[in-house]
Amino acid sequence: MPKINSSKFYTSAIQKYGLNAKGLNWSSKKNQELRFHEILQLLPEQLDTFCIGDAGCGFGDFYRYLGKKDRKPASYLGVDSLSDMVSIASTQTPTEILHLDICKEELPIQDYYICSGALNVLTDFEIHLFIHNCYNSSRKAFIFNALYGDKESDTYNYMQKYEIENIAKNLKVKNIIYREGYLENDITVMFLK
């Protein structure tokens, strides 16, 4: 279970690598976009009538990825708990970016919430709070990716299917869809309502 200071974790990466995928502690832009691709495969083909919330939006990279794929939603709402991310995302996207602690504060209702990478540095308890809030604030589904497996790390949190399924059971999720095999030790999950 990670016990790190998220603010320092991301601030030091931004200082070292700048405003890019490595500045968000992704191993590469390619890996970041592989995860985005898996999320996009679970969203409806036509997004122009749906509202998407991006929980832990970082620099707003998922919004720009949607534009690159010509799949912009009716609206995009970025949410991040770190003021630096909110400030950067607000300058890099033309959309609303909120400064909220997703584990503690109420989220605006959206059709879909997505999360790419933000769960990796939370504690087990924080992961439960985060997922509950995003799922309960979604009209259709919550889609997230996570590090997957039984590895132990002082920095990152790895999840296993039984943990994901326990959370889903607690939330009374109607259906779970998994996407695997695109990256080692990574999984993308859709909790459908």
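## A tour of cores and rings

Start by selecting Phe130, Ile131, Phe142, Phe144 and Phe191: of the 29 residues in the largest nonpolar core, these touch the most other members. Keep in mind that you are looking at a predicted model. Next, colour strands E2 (75-80), E4 (110-116), E5 (138-148) and E8 (186-192) together with helices H5 (124-136) and H6 (161-171); each of them supplies at least two residues of this core. H5 gives the largest share, with five residues.

Now centre on Phe144. Leaving aside residues up to four places away in sequence, its contacts are Cys115, Leu119, Ile131, Ile164, Ile187, Thr188, Val189 and Phe191. Apart from this core there is another, of 22 residues, including Leu40, Tyr65, Leu66 and Ile114.

Time for the rings: the whole structure holds eight aromatic pairs. Select Phe36 and Phe62, whose ring centres are 5.3 Å apart with planes at 75 degrees, so this pair is edge-to-face. Phe36 sits in helix H2 (residues 29-42) and Phe62 in helix H3 (residues 61-68), so the pair ties together parts 26 residues apart in sequence. Both phenylalanines are buried.

Move on to Tyr135 and Phe191, another edge-to-face pair, 6.2 Å centre to centre and 80 degrees between the planes. Since Tyr135 belongs to helix H5 and Phe191 to strand E8, this pair ties together parts 56 residues apart in sequence. Tyr135 is buried at 4% relative accessibility, and Phe191 is buried at 0%.

Finally, show two lysines. Lys193 lies over the face of Tyr135, 4.7 Å from the ring centre. Lys161 lies over the face of Tyr178, at 4.6 Å from the ring centre.

Terms used:
Residues are numbered from 1 along each chain as its sequence is written. This is a predicted model: local features need pLDDT of at least 70, side-chain atom pairs count only at pLDDT 80 or more; totals for chains, interfaces and linings use all residues. Side-chain values use heavy atoms; hydrogens and water are left out. A nonpolar core is a set of buried Ala, Val, Leu, Ile, Met, Phe, Trp, Tyr and Cys residues joined through side-chain atoms within 4.5 Å. Buried means under 20% relative accessible area, exposed over 50%, partly exposed in between (1.4 Å probe, protein chains only). Helices (H or I, at least four residues) and strands (E, at least two) are DSSP runs, numbered from the N terminus. Contact means heavy atoms within 4.5 Å. Rings of Phe, Tyr and Trp (its six-membered ring) pair if their centres lie within 6.5 Å; planes under 30 degrees apart count as stacked, over 60 as edge-to-face and the rest as tilted. A charge sits over a ring if NZ of Lys or CZ of Arg is within 6 Å of the ring centre and within 35 degrees of the ring normal.
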